[in-house]
Amino acid sequence: MTIRLRDLAACFEGVIPSIIATAAPDGMPNISYLSHVVLVDDERVALSNQFLSKTATNVRANPAAAVLLVDPRDGGQYRLDVMFEQTLDSGELFEEMAIQLRATSTQVGMGEVMRLRGVDIYRVRGGQAVPSPTPSQEVSSREAGLQLMAAAAVARRVSEASDVGTIVDAVLDGLREAFSFRHAMLLLKESAGERLVTVGSRGYERSGIGSEVLVGEGIIGTAASERRPVRVSDMSRIRRFSSAVHASSDEENRTRTIALPGMPDAMSQVALPMIAHGVLRGVLFLESSQRLAFTREDEAALAVVALQAAAALALAEAEILEGPSSVPVVADQSVLTGRGFRVVHYAYDDSIFIDNEYLIKGVPGRLLMHLLRIHQREGRTEFTNREIRLSEDLRLPDIKDNLETRLLLLRRRLEEKAAPVQLLRTSRGRIRLEVAGRAVLEEATS
Amino acid sequence: MLINQDLAAFMASPVMIILGTRDGALVPEIARAVGAVVHREEGCVDLAVSEWQWSKTVANGRANGQLAVTFARPSDYVSYQVKGHATVASATAEHVALARRYIESMASTLGELGLERRVVAPWLVERDLVTLCLSVQEIFVQTPGAKAGQLIEQFP
């Protein structure tokens with residue numbers, strides 16, 4: 001072989017369509033574009049087979065085929081001399097390609113059309129560069145091994161963090177500093193299992209904390225439902241999954257929904273499932289305005305980071321269950337210097353509005369009301385996670401495995417809205433309510 | 001045999017043109033053309049091809065002439081494949097001028113899709129042009145979707 005397949009990694013990113021030529025036994029050629037070519041190893045490539053009926057028929061009679069790959073960085077073309085070997089309709093490789101195809105094509109409303117029928121495996125017998133009048137430019141590819149070092153640096157930060165909030169921050173700050181990936185968000189799964197909720201982000205105009213993604217929806221949701229990484233190197237063909245880019249607080253107040261942050265001009269995206277003890281805990285998501293921002297090696301390194309973060313988060317949640325048991329009795333009067341404020345709770349969805357500004361809904365909303373009621377009744381500001389978990393008022397059937405996450409969500413959302421009530425984490429398993437002014441609690445019915 | 005007017009206009013518009021041929025051992029070959037002239041009444045399409053870049057394709061054209069050509073619009077992937085028999089002729093001044101115009105309009109079409117000129121340059125080469133004169137026998141829809149591969153016209 002004159003060129004090694006692994007040196008053509010950029011050609012397999014699906015940015016510029018590849019081409020395949022085959023010939024029928026009567027000699028009539030067929031020429032077609034390919035949506036996906038995957039590098040299997042140094043001697044084999046896999047082609048997705050959705051509707052290439054003539055190509056599929058031809059190679060079963062005459063296995064010789066030619067494939068043209070294009071390097072999206074400089075337009076360089078490479079011709080592979082390949083032989084059809086077999087079709088796979090199950091297995092690891094098939095699943096990987098099917099998920100990738102599904103994740104990218106459901107967004108252009110072509111989910112059914114693009115359904116993967118099979119993966120055709122071809123043996124590569126040789127390959128040459130196609131003559132080009134412009135010299136191929138030396139594209140500096142990041143040196144292999146750098147991702148590994150970056151992953152180790154993030155892992156070290158995560159290992160030093162002890163609670164959900166600092167773990168989330170360690171991951172996101174680590175991605176920025178060790179990998180130089182500047183746009184990222186971390187979403188954790190709700191216990192009901194249908195939604196992922198943003199608990200931290202970096203690089204966006206709005207943090208989007210509290211915004212939700214349905215499991216199975218878009219790139220993030222697909223990584224969650226399939227429990228596999230999903231990566232796109234050229235978004236220009238894919239409609240944005242986040243509808244609301246220009247979210248305002250007016251919009252939040254009306255819809256009681258926080259919009260997912262996102263780059264309007266994202267070209268590359270990667271979503272990594274966070275799994276621990278066999279349970280999906282969330283999704284780590286990164287994006288970039290550059291084409292090909294995330295390589296296969298980046299994806300592998302980020303997958304390790306996501307899995308380690310999942311383990312750390314699971315451990316942090318589990319430790320909380322064994323946290324301090326004594327309920328603080330000090331009725332320390334918090335400073336009531338500010339003006340009064342109105343907190344309205346809608347029971348039907350547990351949404352909370354503070355001075356007519358939407359804050360949050362669901363369990364975190366219920367939690368805040370609970371804490372404020374105790375505060376009003378007893379003047380108490382210190383709470384333990386354990387007491388919250390055991391509280392019967394809260395009707396929390398499923399809270400035990402991610403109370404910390406919900407508290408974090410509530411805490412960050414209060415911070416972001418600069419609300420007159422703030423939540424502080426004082427020590428492991430303990431929180432403090434800081435209330436500026438007298439809260440007027442109201443129950444709304446509609 | 002008459003080529004449908006809409007299809008003829010499509011083939012001559014800024015669409016990517018890829019060619020499939022094969023050698024005596026039925027080993028397929030790929031190439032790109034830089035411009036097409038459709039002779040609707042004769043059912044023929046002239047394709048401008050750089051022999052410098054795609055020598056094997058031109059050799060196959062001379063040896064057996066069996067040719068498949070896919071025309072694909074990059075903005076929406078609307079594609080047609082035509083198949084038939086081709087002969088190789090030297091490029092006329094008209095074909096050279098056609099290739100120039102095609103390269104110019106194709107580069108700007110691809111530019112609108114975010115592809116820089118330096119990236120598309122290796123696909124749009126006019127060195128040592130020859131003309132493949134294709135006598136069309138079959139036309140297929142090739143747009144991705146349920147109808148892909150469907151035969152829409154066949155000339156005896």
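A residue counts as buried when its relative accessible area is under 20%. The model discussed here is predicted.

**Helix H5 of chain A**

By that cut-off, helix H5 of chain A, residues 218-226, is mostly covered. Seven of its nine residues are buried. They are Gly218(A), Ile219(A), Ile220(A), Gly221(A), Thr222(A), Ala223(A) and Ala224(A). Just after H5(A) comes Arg227(A), with a positive phi of about 55°.

**Glu287 of chain A**

Strand E13 of chain A spans residues 279-288 and includes Glu287(A). Is Glu287(A) buried or exposed? Its relative accessibility is 3%, so Glu287(A) counts as buried. The side chain of this glutamate has polar partners. One is the side chain of Tyr204(A), at 2.6 Å. Another is the side chain of Gln269(A), at 2.8 Å. Met185(A) is 102 residues from Glu287(A) in sequence, yet the two C-alpha atoms lie 9.0 Å apart in space.

The side-chain pairs with distances, here and at the interface, are as follows.

| Pair | Kind | Distance |
|---|---|---|
| Glu287(A) and Tyr204(A) | polar contact | 2.6 Å |
| Glu287(A) and Gln269(A) | polar contact | 2.8 Å |
| Arg79(A) and Glu29(B) | salt bridge | 2.7 Å, N to O |

**The interface of chains A and B**

Chain B brings 40 residues to the contact, and chain A brings 43 residues. About 3,200 Å² is buried between the two chains. Carbon and sulfur atoms give 62% of that area.

How many salt bridges cross the interface? The rule finds one. It joins the side chains of Arg79(A) and Glu29(B), at 2.7 Å from N to O.

Several elements of chain B take part on the side that touches chain A. Strands E1 (16-22), E2 (28-33), E5 (66-72) and E6 (79-90) each supply at least two residues. Helix H4 (117-120) of chain B also supplies at least two. By residue class, this side of chain B divides into 23 nonpolar, eleven polar and six charged residues.

Methods: Residues numbered from 1 in each chain as written. Chains lettered and ligands numbered in written order. Predicted model: local features only at pLDDT ≥ 70, side-chain atom pairs only at ≥ 80, totals over all residues. Heavy atoms only, no water. Helix = DSSP H or I, 4+ residues; strand = E, 2+ residues; numbered from the N terminus. Buried < 20%, exposed > 50% of the residue type's maximum accessible area, 1.4 Å probe, protein only. Polar contact = N/O pair within 3.5 Å; in protein donor to acceptor, adjacent residues only side chain to side chain. Contact = heavy atoms within 4.5 Å. Buried area = accessible area lost by both parts, 1.4 Å probe. Salt bridge = Lys/Arg side-chain N within 4 Å of Asp/Glu carboxyl O. Nonpolar A, V, L, I, M, F, W, Y, C, P; charged D, E, K, R; others polar.
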